[in-house]
Amino acid sequence: MRAWFWRIRTNRKPPAELMTGTIVSIVMLVLAIVGGWPYRYYQLLRVVVCGTALFLVLLARKQRKGNWVWTFTVVAVIFNPLVPMYLGRELWGLLDLIALVLFVVAMGKLDVKRWRTSIRR
């Protein structure tokens with residue numbers, strides 16, 4: 001089994017993992033907004049959202065969409081699992097909602113079909 005990074009670097013196919021990761025992040029954020037989960041769920045949420053945000057930073061950079069690069073860099077820093085931010089439950093709910101909206105909008109604005117052509121530049 002080859003790593004996703006190998007496929008990206010060799011331009012074999014657009015990464016389906018990117019859209020899958022974005023959808024998983026959206027579903028997890030919706031569940032987090034509903035609430036009532038153990039703390040381990042929110043730790044996993046940080047890992048998934050931070051990883052997806054970093055993928056979207058890479059994609060936005062390749063498509064030369066600077067505002068999206070900065071937006072998802074901030075999302076990755078906020079949801080960083082290595083140096084976590086400890087905020088109140090209400091503030092995390094608001095941040096989850098903002099991240100959810102950003103991921104949904106990014107699915108339409110960042111074109112995964114253009115991944116191949118943008119990576120060759």
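Analyst: Helices here are DSSP runs (H or I, at least four residues), strands are E runs of at least two, and both are numbered from the N terminus. The model is predicted, so local features need pLDDT of at least 70, side-chain atom pairs count only at pLDDT 80 or more, and totals for chains, interfaces and linings use all residues. Residues are numbered from 1 along each chain as its sequence is written, and side-chain values use heavy atoms, with hydrogens and water left out.

User: How many helices and strands does the protein chain have?

Analyst: Six helices and zero strands, which reads α-α-α-α-α-α along the sequence.

User: What's up with phi of Arg 64?

Analyst: Phi of Arg 64 is near 60 degrees, a positive value for a residue that isn't glycine. Most residues other than glycine have a negative phi. Arg 64 sits in the loop between helix 3 and helix 4.

User: Is Arg 64 buried or exposed?

Analyst: Arg 64 is exposed because its relative accessible area is 61%, where exposed means over 50%, buried under 20% and partly exposed in between (1.4 Å probe, protein chains only). Across the protein chain, 35% of the 121 residues count as buried.

User: OK, the core. Which residues touch the most other members?

Analyst: In the largest nonpolar core, with 28 residues, those are Leu 29, Phe 72, Phe 79 and Phe 103. A core here is a set of buried Ala, Val, Leu, Ile, Met, Phe, Trp, Tyr and Cys residues joined through side-chain atoms within 4.5 Å. Helix 3 gives this core its largest share, ten residues. Phe 79 also has contacts (heavy atoms within 4.5 Å) beyond four places in sequence, among them Leu 29, Arg 46, Trp 92 and Asp 96.

User: At what angle do helix 4 and helix 5 pack?

Analyst: About 145 degrees, with the axes of helix 4 (residues 66-78) and helix 5 (residues 89-109) 11 Å apart. Axes are lines fitted to C-alpha atoms, for helices over the stretch in contact, and angles run from 0 to 180 degrees between N-to-C directions. On the helix 4 side the contact includes Trp 68 and Phe 72, and on the helix 5 side Leu 95 and Phe 103. The contact residues come to ten nonpolar, one polar and one charged. Ala, Val, Leu, Ile, Met, Phe, Trp, Tyr, Cys and Pro count as nonpolar, Asp, Glu, Lys and Arg as charged, and the others, Gly among them, as polar.

User: And how far apart are the axes of helix 3 and helix 5?

Analyst: 12 Å, at an angle of about 35 degrees.

User: Where does the side chain of Thr 52 reach?

Analyst: To the backbone oxygen of Val 48, at 2.9 Å. Thr 52 lies in helix 3 (residues 39-62) and is buried, because its relative accessible area is 5%. Leaving aside neighbours within four places in sequence, Thr 52 is in contact with Gly 21, Thr 22, Ser 25 and Phe 103.

User: Last one: what does Ala 60 touch?

Analyst: Not counting residues up to four places away in sequence, Ala 60 touches Lys 65, Trp 68, Val 69 and Leu 110. Ala 60 is in helix 3 too, and counts as buried because its relative accessibility is 0%. Ala 60 and Lys 109 are 49 residues apart in sequence but 9.4 Å apart in space, C-alpha to C-alpha.

Technical notes
Polar contact = N/O pair within 3.5 Å; in protein donor to acceptor, adjacent residues only side chain to side chain.
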